[in-house]
Protein chains: 8
Amino acid sequence: MDNNKIKKLLASVKDGSVPVEEALRKLKHLPYEDICFARVDHHRHLRQGVPEVIFSSGKTVEQVVKIARAMNKQSGSFLITKASLMIYNSLKIKGAVFYPDSGIITKGEKKKKAGNILVLTAGTSDVPVAEEAAVTASFLGSKVETVYDVGVAGLHRLMDASVRLQKAHVIIVAAGMEGALPSVVGGMTDSPIIAVPTSTGYGTSLGGLTALFAMLNSCVPGIAVMNIDNGFGAGCLAHKINTLSSKQ
Amino acid sequence: MDNNKIKKLLASVKDGSVPVEEALRKLKHLPYEDICFARVDHHRHLRQGVPEVIFSSGKTVEQVVKIARAMNKQSGSFLITKASLMIYNSLKIKGAVFYPDSGIITKGEKKKKAGNILVLTAGTSDVPVAEEAAVTASFLGSKVETVYDVGVAGLHRLMDASVRLQKAHVIIVAAGMEGALPSVVGGMTDSPIIAVPTSTGYGTSLGGLTALFAMLNSCVPGIAVMNIDNGFGAGCLAHKINTLSSKQ
Amino acid sequence: MDNNKIKKLLASVKDGSVPVEEALRKLKHLPYEDICFARVDHHRHLRQGVPEVIFSSGKTVEQVVKIARAMNKQSGSFLITKASLMIYNSLKIKGAVFYPDSGIITKGEKKKKAGNILVLTAGTSDVPVAEEAAVTASFLGSKVETVYDVGVAGLHRLMDASVRLQKAHVIIVAAGMEGALPSVVGGMTDSPIIAVPTSTGYGTSLGGLTALFAMLNSCVPGIAVMNIDNGFGAGCLAHKINTLSSKQ
Amino acid sequence: MDNNKIKKLLASVKDGSVPVEEALRKLKHLPYEDICFARVDHHRHLRQGVPEVIFSSGKTVEQVVKIARAMNKQSGSFLITKASLMIYNSLKIKGAVFYPDSGIITKGEKKKKAGNILVLTAGTSDVPVAEEAAVTASFLGSKVETVYDVGVAGLHRLMDASVRLQKAHVIIVAAGMEGALPSVVGGMTDSPIIAVPTSTGYGTSLGGLTALFAMLNSCVPGIAVMNIDNGFGAGCLAHKINTLSSKQ
Amino acid sequence: MDNNKIKKLLASVKDGSVPVEEALRKLKHLPYEDICFARVDHHRHLRQGVPEVIFSSGKTVEQVVKIARAMNKQSGSFLITKASLMIYNSLKIKGAVFYPDSGIITKGEKKKKAGNILVLTAGTSDVPVAEEAAVTASFLGSKVETVYDVGVAGLHRLMDASVRLQKAHVIIVAAGMEGALPSVVGGMTDSPIIAVPTSTGYGTSLGGLTALFAMLNSCVPGIAVMNIDNGFGAGCLAHKINTLSSKQ
Amino acid sequence: MDNNKIKKLLASVKDGSVPVEEALRKLKHLPYEDICFARVDHHRHLRQGVPEVIFSSGKTVEQVVKIARAMNKQSGSFLITKASLMIYNSLKIKGAVFYPDSGIITKGEKKKKAGNILVLTAGTSDVPVAEEAAVTASFLGSKVETVYDVGVAGLHRLMDASVRLQKAHVIIVAAGMEGALPSVVGGMTDSPIIAVPTSTGYGTSLGGLTALFAMLNSCVPGIAVMNIDNGFGAGCLAHKINTLSSKQ
Amino acid sequence: MDNNKIKKLLASVKDGSVPVEEALRKLKHLPYEDICFARVDHHRHLRQGVPEVIFSSGKTVEQVVKIARAMNKQSGSFLITKASLMIYNSLKIKGAVFYPDSGIITKGEKKKKAGNILVLTAGTSDVPVAEEAAVTASFLGSKVETVYDVGVAGLHRLMDASVRLQKAHVIIVAAGMEGALPSVVGGMTDSPIIAVPTSTGYGTSLGGLTALFAMLNSCVPGIAVMNIDNGFGAGCLAHKINTLSSKQ
Amino acid sequence: MDNNKIKKLLASVKDGSVPVEEALRKLKHLPYEDICFARVDHHRHLRQGVPEVIFSSGKTVEQVVKIARAMNKQSGSFLITKASLMIYNSLKIKGAVFYPDSGIITKGEKKKKAGNILVLTAGTSDVPVAEEAAVTASFLGSKVETVYDVGVAGLHRLMDASVRLQKAHVIIVAAGMEGALPSVVGGMTDSPIIAVPTSTGYGTSLGGLTALFAMLNSCVPGIAVMNIDNGFGAGCLAHKINTLSSKQ
């Protein structure tokens, strides 16, 4: 609700070009769509830089499909996270792509890619989360590279990626267990780092809490931390930072 | 350890201009200084974009002072966090500035400020953490503005800051208790948001864990979360993002 | 056991109109029914304002059915929570209604509705819990309205409901993840607010604990908080408050 | 921001009686006061039914005093919680009253009391929290009675209060340790119950978490639960419910 | 290893009636049986007052069966906890009895019952744990009575059992959710009380931890608390206390 | 409230020997004393086998003194736990005894001792808790012996106490850190064992939670567990069991 | 990256026998193999004393098989942990051995065994974890003995193993529930002890956390603790210690 | 209690050279000393390889001094951990040495040092814990070297210590915050590693629990983990491993 728009609208009311009732409606009628169990927020992309995304968990297949169709109709594109094959099969929308490892469905990915995001994982088990991040950022229009299985127990594997580390605008690091990789990467680069703890591990990995807390306590200052297994969030933030220069 | 430097060094060894022993030393001699209980990492700024910083907790006053003097001698500048007045008084370094609310001491703050970082707090009790973030980012060379006490119980106070929200390159939000402010701010802007949970509150605020977990679970995707009360980390990340365009 | 009743009973004993043995029995014989594994508390409605309700979890289908039939025989009405379709099919009681999303079965809902309860959810995944609250309050005799999917990431959706917010006697807010919606609603109304944390989310949502703790720490004072996913309790409390005026 | 006010304002703009610039200002100028480290929200009482209250923890004595003076000047009344004698002595405001046990300072308590709130405690150690609730509700204009030390280990003490239980519009129960009192009270009355867990106890009382969780799991449905030691919140909610009839 | 036995053995060695090698063997040869994956401790009953019992969880069906048969051969009796129907069917031991609700299998229960143990539950869902306690104590030779579903939300149901409360030597109370029943029972009797928290409940019942902590914090001093769902342990302790007089 | 007493009272009402008003009063007038912030429960000893005890934490010195004096006047005896020297000095009651290590004050300890309670500790740091148990049980009339510092790292020390282990009616074991001692003692005796976890230790001893959980998980079935550092509760339970034979 | 190798390489560069480009490659080309989702670290054995091992959890069957084949091709041996029969059947590698209880698959176990490792368990349910440790250490080349089911509730069973305890170079103790066995074993021997908490138990065993914390708090100093159920780690450490003398 | 000693004793009894009573005494009289609140275990060194050590926390100064004097008299040496200057000053034992940073007091340190233990810290704040480990191992007779402040944010500092890493028989790593250093060190060496989490850090470092859990989840297998801040335990284990070869 920025000042200029309101001022302009008020001016239109004053000069009579916009009737009072319509102005009221405009002030309130933001472009969302009420489909009973959900209010689809079609203008979120304008407001937040990332379009509304469908988080499948806790929704019925029918609900996910209805919301996706409403979005597809409005904008021709959508992104669904934590989706199952059953959702994908029920969608019946041409052009939709399903990534089975990370459970993402996309439609209408941006063709033009900008910038340079690097996605690393500590191990093979962290790849699904990393893929969620990579697909999300790519969908939004960022150029993304991935280097998997470069954990701290074999630092030489990480060293080989040092050139790519230096070139990246933003680096996403997915790691479970002790979550040490972001600290080590953080010691080697001056780019913003986004750490995603994964639920890889057992016992005192506590479903990813240990990796999360380790990342929050990194001795490298200023690492951005996401919720456990939240590759999607990492992809969004990486894209925002990666494309920040257009604003400046 | 980027490829070009090593190649050049190896070439010098080959043409004999650098003897083997010296090359070996160079490969290993990174500019840190061993003062027995600490190894001061003078080249961290080059490597990580943020100079090594002295975290006072768990160190004796004497240790903090010695490290600060070693840094001051090398670079003429330093930043100390979680510091006490006693540390400040023991430093006896001309030009050092002490911020008593946030416990920061700075020397040699960058004069030239770039970009635009906005720091918000939910309440008055969150100001010390916000100040730690603001002083850090400013020290590193970012332009910083602050708007305090705009919590969600009185949203109109936040609405008044909407112009500044739109103009900021990066937004830092410090909040304790239920930690809801970053989500609400995130619904109003497309800039990267850095959320810093504070230990403000009692009972089930659990020393800031509740605010932390709330921020990690924000329904706005891609919020960067810091450790509890870690204003310093927020300032570092905000500065990195704020000045990213120079790289691109 | 109020004074007047005991006094009256004692007077009857004194004047011989009630024999000692019968008085003793009366003092003790409260109208519950012992069906071996359960003691059905038929007079709970009189005592607590809400009839005894059958919580299905941890009971066998047979036990639930037996208790429901005992209640139905006594009062013609009952309410079962966390029920399955199998329980519903085993009941074979005419007039029983099954709500599959929230797992509630009702029989003998009050026809006459009073007051005005508004039930909000932050997202679509919170609807089952909200429905449990709405069905319960309606069953007990309250008028209930619902507005779903008005989370804080798109505040304009909530703003559209502001008239209904102002008119409600009591507001129930169901939210998972960061649990911020009750605070924002609380900033917009002077009606009592009942917050129900839901287990929506993953990772550090900790099965709803994060939303619970956030709600308990709301910067808006006096929000009534329920156990995680406890829509039933919210419906009971809302009904009690909604109909309080009849007492005053 | 209700529809009618906006419509009226827009009409005034249309007919020219209010210039555009002034309308814009009005839309935004809500009556809060910026005193740098705090934004005092003078109209909160209108909006939320409870005036803004000063929570002392985490604020300097100077900050508390400045905010209290700003409020006193505007409305002649204020309420400070978790306050110390030092704050009280620094206020130097005539008519301010200090309750040392609960750390509350009030000024301008409402003279006229309405309704009937009953405050119970399980033990003597829970009295400070109960007093915080009682003083708050009384300050806001509710009639309050208290019955202390009626814990479940000696149920007869509670039975003696049964007449008062029956007469109360709302009942506040403060209890630590195992937090069982609200369940027992809930079995004896149909009035809304507000349970406040206290940090009384040691070992596995976990600073009040055990009492909190026990209250959230009460087998009596619909008990409203507050944060640990949050007598203030209980007082606010009790007052809202107690005075609800004026709305209906 | 009491003094007299050792003395006697040493005397036998001295007078030559027991050779050195045999004495050594006797000192070490306690009557357990090594069946490779388990060492069946046949003399545990003598040493601890309760025979070794087979805890099925984490063992294969084959292992449970083998241990049970070894015990049956030695003593003609055994007790298996947390057992499945499949284990029971695989046993093929005549006289074995299976309790499907609590998953107990017994063989050779003591015929002669002594003393008086009363087992209470707060609700119907707590019955399986209570049954585990009752079957165990009865197996060991105690007389056991049960009263189920007498939770604190309807205290009159508990009052009806007051005569039985007064007569019991020991009282076992199984309760989940807020775990308040032991405190209320403890206020009505001077017999030792054994509280068994159950995992009944959801959300902040935390799988029984809340009931456990509430019981440990009872305002009635000296309640004996068991692990969550540990009806077996409660039965053992109750039996030991119930039959203590034979020792005195 | 046993049947016979009520029947007799009702009969007296019937025959006119007791007027209605007096009967009502008798039914309600249980011998507690209202001293405003506390209701002293003088007949608790009759009801629960243990007199009401003053838990000092969270009470002011004045409150503790007033309650102690009320008890002393009524019965000539009292027990105060977690007391300070300042409380003792403020009491000014002749015959009161202060145990500084465990913070207990007693007056009117029973002279005649019965039975045989053995109190063990794993280490020297557990002695204060053990002493609280020993003084409590002795005050109530049990004969108590103590053996300190017999932890599992040097089992031979425990072996030396085996005769006393065999003779004890009840055994109290106080242990912190890993809390293993009760299991080992439980393997050597058939007497009831009461385990008291202490807060001895650091790091993952978690203030005694680790010892508590270890004791609840003992592989010896039927160990009675107390709250952390709750020597008083252990003393009460031990006394109840120790004197049980008088009931049987 | 030890000094001598680098010196030698640099010398070769100097004398021209190794071109600059090749030297650079050599410095970086450590013998790992990139199979897209994994980087197989073939030289880990040289670097860490234990070869890279395949942890199956979180990997697809296909991924595990591919990595195992790459390792088999390179070295003729591999070790897979937490494996299923399906993985084993998919491997189709001659000589691979599957241990169904512990889910280990080995190929190419060392024939020559050295030293003496003793593996103990408290109960039968701990055997799978113990077997994981034993198979691992044996695979790496250590001589391993096992003694199962010697928990502290029947110490005489442990006493029988005392000769083997004295002879062992290293002792591994696997225990769940209260985790007391390592402390008792630690009191009987001067060999290094490796404690592995297992997830055996229920309720407050907290999935093994209680045993873990108990072991970390052992009153016997210097016990090495592993993650819950981490028999593999225990086997690795035991082997390293067992074969240490070859280094000295 | 090894077989040979018992056999020999029994033989002596048989041949009459040792009377029965004396044999009994010998079997029981292990060399500990009962000083009332403690049983000093003088032969622990023989049994466990490490002498009994005085852990000061929870003991009075007087108790610590008495135990130390008893040990000094018996063996001329002792080790006190977590000690204060006040304890040191009260000892008045010649030759006792106080280390103020780590709070250790030693007397009678072994002169002859064997083997090679390397102690690393991640930061300066971890030095006190590292010193506790180093002093302990040195006291017991191991040769110890230290390298401090080589955390993962500046890996080159660690690389410089690589020669010493290769030469060490055992490596102790003390680290707080994210606890990543042991994993990185573990990737560089085949020596046994002992990780000691420290309580350095704030917020989600959770007093060292995060570092502890990270170390338990290290991707390098077989790292031995100690309790938080338990430098003493690390020193004991390192010494045992370091001197193991003497046994083999």
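In the predicted model, H:Ile80 stands opposite H:Ile105 of strand 6 of chain H. Strand 4 (residues 78-81) and strand 6 (residues 104-107) of chain H are antiparallel partners, joined over three bridges. The sheet around them is open and has four strands, ordered 3-4-6-5 in chain H. Its pairing is mixed. Strand 3 (54-55) and strand 5 (97-99) of chain H form the edges, and each pairs on one side only.

Two helices of chain H lie across this sheet. Helix 4 (residues 61-75) lies across strand 3, strand 4 and strand 6 of chain H. Relative to strand 4 of chain H, helix 4 runs at about 160°. Helix 6 (residues 127-140) of chain H lies across strand 4, strand 5 and strand 6 of chain H. The angle between helix 6 and strand 6 of chain H is about 10°.

Helix 4 of chain H contains H:Ile67. This residue counts as buried because its relative accessibility is 6%, under the 20% cut-off. In sequence, H:Ile67 and H:Ala175 are 108 residues apart. Their C-alpha atoms are 32 Å apart in space.

In chain F, helix 6 (residues 127-140) packs against helix 11 (residues 231-242) at an angle of about 40°. The two axes are 7 Å apart. The crossing of helix 6 and helix 11 of chain F is right-handed. Helix 6 of chain F contributes F:Val129, F:Glu132, F:Ala133, F:Thr136, F:Ala137 and F:Leu140 to the contact. From helix 11 of chain F come F:Gly231, F:Phe232, F:Ala234, F:Gly235, F:Cys236 and F:His239. By class, the contact comprises seven nonpolar, four polar and one charged residues. An α-helix has 3.6 residues a turn, so residues three or four places apart point the same way.

The secondary structure of chain A consists of eleven helices and eleven strands. Of its 248 residues, 65% count as buried. Helix 10 (residues 209-216) of chain A is mostly covered, with eight of its eight residues buried. These are A:Leu209, A:Thr210, A:Ala211, A:Leu212, A:Phe213, A:Ala214, A:Met215 and A:Leu216. The accessible surface of chain A comes to about 8700 Å². Carbon and sulfur atoms account for 55% of that area. Among contacts in chain A between residues at least 6 apart in sequence, 61% join residues at least 24 apart.

Note on methods:
Residues are numbered from 1 along each chain as its sequence is written. Chains are lettered from A and ligands numbered from 1 in the order in which they are written. This is a predicted model: local features need pLDDT of at least 70, side-chain atom pairs count only at pLDDT 80 or more; totals for chains, interfaces and linings use all residues. Side-chain values use heavy atoms; hydrogens and water are left out. Axes are lines fitted to C-alpha atoms, for helices over the stretch in contact, and angles run from 0 to 180 degrees between N-to-C directions. A crossing is left-handed if the near helix is turned anticlockwise from the far one by less than a right angle, and right-handed if clockwise. Contact means heavy atoms within 4.5 Å. Ala, Val, Leu, Ile, Met, Phe, Trp, Tyr, Cys and Pro count as nonpolar, Asp, Glu, Lys and Arg as charged, and the others, Gly among them, as polar. Two strands pair if DSSP finds at least two bridges between them. Buried means under 20% relative accessible area, exposed over 50%, partly exposed in between (1.4 Å probe, protein chains only). Accessible areas come from the Shrake-Rupley method with a 1.4 Å probe; for residues, only the protein chains shown count as cover.
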